[in-house]
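The sequence and structure are shown first.

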Amino acid sequence: MSGTTTIDQQFFSQHAESARRAEEARTVFPGGVTHDARHFEPFGIVVDRAIGPRKWDVDGNEYIDYVMGHGALLFGHSHPYMVEAVTQQVARGTHMGGSSDLERRWAQAIQRLIPSAEKVRFTSSGTEATMMAVRLARAATGRDRLLRLANHFHGWNDSVFAAGRTSAGAVAANGQPEAMQDLISVFEQTDVSGIAAALASKEYAALIMEPTGYSWGTCPLEPSVPQELRDLTERHGTLLIFDEVVTGFRASAGGAQERIGVRPDLTTLAKIAAGGLPGGAVVGRADLLDQISFEAGGGRVAHPGTFNANPLSAVAGERTLRAVAEEDPNAVANERAAQLSRGLNRALVEAELPGCVWADASMVHIILGQDVERPGDGVTWDWGQHGGARSILPMTVSEVAWPFRRALLNHGVDLMGMGALVSCVHTEADIDATIESFSGAFSDLRRDEIL
């Protein structure tokens with residue numbers, strides 16, 4: 001490689017100002033970042049602005065963005081719908097200190113789309129939503145224990161948190177009281193028989209899960225499993241909670257639950273639900289949500305929250321969900337994701353590299369460096385090939401993942417971990433350019449003898 005520029009040399013050269021600012025950030029933020037998923041080796045890019053499917057860093061580099069606000073931006077960055085709605089509301093008030101018509105319209109927009117949303121309660125984040133859902137389940141059943149599936153991610157509150165692996169990498173339960181950990185049982189997502197035996201004890205308040213498989217389907221869940229778990233929870237008096245923080249309004253307009261035809265007792269929402277602004281919600285059975293009502297008396301579940309149904313989040317969420325219902329952005333985003341998946345699989349074949357890519361709605365997953373059968377149609381995860389219990393882990397080892405993502409940044413593409421969250425404003429030209437960038441990154445990995 002004498003005389004050539006390596007991936008890392010090019011990365012440092014192109015991102016000198018990001019490196020400087022990342023070092024300064026380390027003096028004020030733990031580890032220099034404000035979210036675990038923003039940790040990047042050796043440092044992350046510092047983004048200056050974003051519009052549509054693209055963003056620019058402080059060094060002036062332009063990227064086709066597939067982080068999309070950690071999955072919150074189905075309509076891309078700074079969509080005119082959201083800019084207009086939020087700008088107008090800022091002038092009217094950012095915090096009313098009381099109820100407003102905005103929150104009712106927002107909740108009704110959710111009810112029109114999510115099949116199980118008999119009633120709605122807003123929170124400020126997805127983590128708060130899962131905390132509330134578990135508390136409601138415990139209050140309703142009189143049981144304390146929670147059953148969750150390995151590596152499924154539900155935020156970082158003590159009620160649901162368990163050590164494992166997510167799309168943001170490995171997580172640890174340090175600082176979580178042992179008594180809380182003792183209340184959480186963790187089962188592999190394929191261990192239906194083990195879950196059945198546990199639920200038969202009738203000591204679990206709820207089973208919480210991502211209905212597409214852990215980390216928005218990074219490890220896909222066999223489609224029949226949610227219905228099996230619905231049947232089991234109903235049989236044993238355990239509530240079923242779907243975490244649709246990522247998949248809500250993305251797996252389909254009505255979330256994964258509409259697509260698979262399974263109705264949970266409670267659903268947690270955030271991200272797209274708030275139009276990309278901070279906000280979340282718990283929706284579900286009216287009798288469960290009504291435990292928060294002051295009419296519930298001594299059995300009431302309290303729920304304060306300064307920024308619940310914040311006006312800015314309310315107008316952004318309502319405007320976004322109205323467009324989801326009226327304009328079918330999912331169809332466009334899904335087609336772009338399929339185009340990306342097919343193109344990346346072709347690029348892997350042409351580069352003679354092991355790995356595969358598949359798309360689930362507008363969510364694209366990438367395995368690199370592992371010898372895995374590629375989808376026959378270039379898009380769909382093939383259960384006939386792979387079965388339900390997979391021995392491979394789509395989280396590519398860091399020896400490949402970090403240099404690969406640095407190479408992609410050098411070529412102007414930013415991923416969400418080892419995946420891509422596609423928006424309806426990504427164009428066919430954006431996808432073609434992305435595939436070309438991947439091919440360039442593959443060449444760089446070969447040149448540097450990483451793959």
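Contact here means heavy atoms within 4.5 Å. Axes are lines fitted to C-alpha atoms, for helices over the stretch in contact, and angles run from 0 to 180 degrees between N-to-C directions. Helices (H or I, at least four residues) and strands (E, at least two) are DSSP runs, numbered from the N terminus.

The model is predicted: local features need pLDDT of at least 70, side-chain atom pairs count only at pLDDT 80 or more, and totals for chains, interfaces and linings use all residues. Residues are numbered from 1 along each chain as its sequence is written, and side-chain values use heavy atoms, with hydrogens and water left out.

**Seven-stranded sheet**

Seven strands make an open sheet of mixed pairing, in the order β4-β13-β12-β11-β9-β5-β8; two strands pair if DSSP finds at least two bridges between them. Its edges are β4 and β8 (184-187), each of which pairs on one side only. From one strand to the next, the twist averages 20°. Within this sheet, β12 holds Leu-266, the bridge partner of Ile-241. Helix α5 lies across β4, β12 and β13 (280-284), and runs at about 120° to β4.

**Three-stranded sheet**

A further open sheet has the order β14-β15-β17, with antiparallel pairing. Here β14 (355-360) and β17 (419-421) are the edge strands, each pairing on one side only. Neighbouring strands are turned by 10° against each other on average, direction ignored. Helix α14 (residues 329-351) packs on this sheet and touches β14, β15 and β17; its direction makes about 175° with that of β14. Ala-359 stands opposite Val-364 in β15.

| Strand pair | Direction | Bridges |
|---|---|---|
| β11 (residues 239-243) and β12 (residues 266-269) | parallel | three |
| β14 and β15 (residues 363-368) | antiparallel | six |

**Second largest pocket**

A pocket is an open set of points on a 1 Å grid over the protein atoms alone, where a 1.4 Å probe fits, with protein on both sides within 12 Å along at least five of seven lines; lining residues have an atom within 4 Å of a point. Grid points are joined across faces, edges and corners, and a volume is the space filled by probe spheres set on the points. The second largest pocket holds about 670 Å³ of space. Its lining comprises 28 residues, with Glu-103, Val-120, Arg-121, Phe-122 and Ala-309 nearest the centre. Both α5 (101-113) and β4 (119-123) supply at least two lining residues, and α5 gives the most, with five.
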